[in-house]
Amino acid sequence: MKITSAKFITTVAKASDLLNTQFKEFAFVGRSNAGKSSLINAFTNRSALAKTSSTPGKTKHINYFLINENFYITDLPGYGYHKAGKSEEERWVKLIDEYLLTSKQLSCVFVLMDIRHKPNILDKQMLTFLHYYNIPFMVLATKADKLSKSQRGVYASKLAQEVGLTLNNLIITSSALKLGLEKLGEKIEEQIGQDA
Ligand code: GTP
Ligand code: MG
């Protein structure tokens, strides 16, 4: 997919401020530090569209980006960042759940998981939640550059198996190597139903 424009639209801190968008939305969720904001930057070919950090807990609100004047990408806070404090963390979880349940234009949720790590209870809960509410999703295995080429397939299969999915529901990605971005674009195109 050719990215012709990528604009930051707004940041939302509470459920009552969530946008009622006129275009389809694609959400990036996952554990804190999984690489959500970095992948949004890599995908849109913008170095600092979404704010990234080596310290977990960087994205604290929901950020909306309008891509190609045609669809939205939303960057969500990561779950499992306990240092934020219990009440802050609960607030994020509530905001994420509310977003996922009420966004009428939500077309697909990309669930990011570090390819090297075993899915934890929070990853599993997120997938169960998406299943239960019938929200289309796809797993993006991130940071594949941390593994050798031959290891990537092995780890990806293991990851898919651990969450009860097949490799058809997973894309191997790396923001550093710009890996998997074409497939991600294809998945989005499939949903918006036109060549972009
Ligand atoms: P929160 O906003 O805290 O939930 O984190 P996030 O999921 O948005 O992660 P972010 O994109 O901020 O990246 C976290 C860290 O992982 C940063 O230090 C990134 O440089 C690093 N990182 C992200 N993607 C990659 C990747 O593809 N390869 C490598 N090697 N590092 C990456
Ligand atoms: Mg982030």
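User: Which residues do ring pairs link into a cluster?

Analyst: The model is a predicted one, and it holds nine aromatic pairs. Some of these rings are joined through their pairings into a cluster, whose members are Phe23, Tyr64, Tyr72 and Tyr99.

User: What kind of aromatic pair do Tyr132 and Tyr133 form?

Analyst: A pair of aromatic rings is described by the distance of the centres and the angle of the planes. For Phe129 and Tyr133 the centres are 4.9 Å apart with 55° between the planes, which is a tilted pair. For Tyr132 and Tyr133 the centres are 4.8 Å apart and the angle between the planes is 85°. Because planes over 60 degrees apart count as edge-to-face, the pair of Tyr132 and Tyr133 is edge-to-face.

User: Is Phe129 buried or exposed?

Analyst: Tyr132, at 65% relative accessibility, counts as exposed, while Tyr133, at 40%, counts as partly exposed. Phe129 has a relative accessible area of 16%, and because buried means under 20%, Phe129 is buried.

User: How much of the accessible area of ligand 1 does the protein cover?

Analyst: Ligand 1 sits in the largest pocket, surrounded by 22 residues, with Lys36, Ser38, Gly57, Asp145 and Ser175 the closest. Oxygen atoms of ligand 1 lie 2.9 Å from a polar backbone atom of Gly35 and 2.7 Å from a polar backbone atom of Ser175. Of the 650 Å² of accessible area that ligand 1 has on its own, the protein covers 86%.

Key: Residues are numbered from 1 along each chain as its sequence is written. Chains are lettered from A and ligands numbered from 1 in the order in which they are written. This is a predicted model: local features need pLDDT of at least 70, side-chain atom pairs count only at pLDDT 80 or more; totals for chains, interfaces and linings use all residues. Side-chain values use heavy atoms; hydrogens and water are left out. Rings of Phe, Tyr and Trp (its six-membered ring) pair if their centres lie within 6.5 Å; planes under 30 degrees apart count as stacked, over 60 as edge-to-face and the rest as tilted. Buried means under 20% relative accessible area, exposed over 50%, partly exposed in between (1.4 Å probe, protein chains only). A residue is near a molecule or strand if one of its heavy atoms lies within 4 Å of it. A polar contact is a pair of N or O atoms within 3.5 Å; within protein, one must be able to donate a hydrogen and the other to accept it, and residues adjacent in sequence count only if both atoms are side-chain atoms. Accessible areas come from the Shrake-Rupley method with a 1.4 Å probe; for residues, only the protein chains shown count as cover. On a 1 Å grid over the protein atoms alone, a cavity is a set of points where a 1.4 Å probe fits but cannot get out, and a pocket is an open set with protein on both sides within 12 Å along at least five of seven lines; lining residues have an atom within 4 Å of a point. A molecule sits in a cavity or pocket if more than half of its atoms lie within 2 Å of its grid points.
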